[in-house]
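Me: I am new to this structure. Please take one part of it and go through that part slowly, with its surroundings.

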Amino acid sequence: MDVYRLPALFDNYVFLLHDSQDNIAAVVDPAEAQPLLRRLRELGTQLVAIFNTHHHSDHIGGNRELIGHFPNLRVYGGAKDRGRIPGQEVFLQEGDKVKFCDRTAEVFFVPGHTLAHIAYYFPPIQDGEPGELFCGDTLFAGGCGRLFEGTPAQMVNSLSKLRDLPDSTRVWCAHEYTLKNLQFALTVDSDNPDLQARYKETEAARRRGEATVPSLLGVEKLTNPFLRWDRLVLQAKVKAKDPIETFARLRGMKDQF
Ligand code: ZN
Ligand code: FE
C-alpha cells in the first residue's frame, strides 16, 4: 500500500492510499476532490473507499463530488457521526476492522476534538515495516487538535490509545501545523534536547518548503507536550496536580498562543 500526501485547501493534507497490485485506491479525509481526482487520473486508478475521521468540512468537503465520480465507493466514518458525513454507509466503533486490499485497519474511537472522531491504524504486515496511523485532527505533529466538542479527560484517554502504538508508527495527521506547534512546545518544555533538535530540523525543512507529515510516533512521544501530560517537568511548569489538569492547562495555553 502506497500512501500519497496531497496538499489541499490552505494547510490540509489529503491521503491517497493506493494498492498497486489490485490497482484500487482509497482516500482519508478528502478536504476537496480536485487534487485527488487529478492524482487518480495520473495513476489510472479507481477510488473504492473514503475513510473519514470526523465531520468537519475540511475533512469531508470532497465527499459528494467523489461519490459523483465513483458511485460505487463506500464512505466510512465514526458511528456517532451519523448524519454529519455525506454519503456515510459504514458506522465504525472502537475495535472495528476495515479492510483495504491486503491491509486491515484497526479503528480507534478518539473523542475530544469532536465527540465522534475516529482514527485508522494499519499495523505493519512484516516486522521492520512501519504501521500507518491516520489520526485526522486528534494528534498533530508536535501538537493535538482543539477541544471543540470533548473534554480534556476524553482527549487524554484518546491520545493514550495512540501513544500505545509502536514508536515506528508513521503519523499521518491532517494539517501542516508542525512548526507553530513546536514553537509552543518550546515555551513549556524548553530544556528538552529532543524537542530543541526537532525544532531546528523542522524549521530548516519548512524553509526548504518540505512537508513535515508524516512524523514518527517515537519522536512525538519524546517531543510532543500533548503526549507528555504525565511528565513531572510539564506538570510543574503549568502548576497542575495530575495528568488531566496538566493536559487541560497546556491545551488552554495553546489556544491562546
Ligand atoms: Zn477538525
Ligand atoms: Fe481539520
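Reply: Some ground rules come before the rest. The model is predicted, so local features need pLDDT of at least 70 and side-chain atom pairs count only at pLDDT 80 or more, while totals for chains, interfaces and linings use all residues. Residues are numbered from 1 along each chain as its sequence is written, chains are lettered from A and ligands numbered from 1 in the order in which they are written, and side-chain values use heavy atoms, with hydrogens and water left out.

Strands and helices here are DSSP runs numbered from the N terminus (strands are E, at least two residues; helices are H or I, at least four). Two strands pair if DSSP finds at least two bridges between them.

Now to strand 9, residues 118-122. Five of its five residues are buried, where buried means under 20% relative accessible area, exposed means over 50% and partly exposed lies in between (1.4 Å probe, protein chains only). In a regular strand the side chains alternate between the two faces of the sheet. In strand 9, Ile118, Tyr120 and Phe122 point one way, and Ala119 and Tyr121 point the other way.

Strand 9 has partners on record here in strands 8 and 10. Strand 8, residues 103-109, pairs with strand 9 in the antiparallel sense over four bridges, and strand 10 is joined to strand 9 by three bridges, also antiparallel. Tyr121 takes part in both pairings: Glu106 has Tyr121 as its bridge partner, and Leu133 in strand 10 stands opposite Tyr121. Glu106 and Tyr121 are 15 residues apart along the chain, and their C-alpha atoms are separated by 5.1 Å.

Tyr121 has a relative accessible area of 4%, so it is buried. Contact means heavy atoms within 4.5 Å. Leaving aside neighbours within four places in sequence, the contacts of Tyr121 include Phe108, Gly131, Leu165, Pro166 and Thr169.

The largest one has 49 residues, and Leu17, Phe51, Tyr120 and Phe134 touch the most other members. Strand 9 gives the most to this core, with five residues. Apart from it lies another core of 19 residues, among them Ala8, Ala31, Leu37 and Ile50.

Aromatic rings come next. Rings of Phe, Tyr and Trp (its six-membered ring) pair if their centres lie within 6.5 Å; planes under 30 degrees apart count as stacked, over 60 as edge-to-face and the rest as tilted. The whole structure holds twelve aromatic pairs. In one of them, the rings of Phe51 and Tyr120 have centres 5.3 Å apart and planes at 40 degrees, so the pair is tilted. Phe51 is in strand 4 and Tyr120 in strand 9, so this pair ties together parts 69 residues apart in sequence. Phe51 is buried at 1% relative accessibility, and Tyr120 is buried at 1% too.

Phe134 and Trp172 form another pair, with ring centres 6.0 Å apart and planes at 15 degrees, so it is stacked. Both residues are buried. Ring pairs link Tyr13, Phe15, Phe122, Phe134 and Trp172 into a cluster, and Phe122 brings strand 9 into it. Leaving aside neighbours within four places in sequence, Phe134 has contacts that include Ala119, Tyr120 and Phe122.

Key: A nonpolar core is a set of buried Ala, Val, Leu, Ile, Met, Phe, Trp, Tyr and Cys residues joined through side-chain atoms within 4.5 Å.
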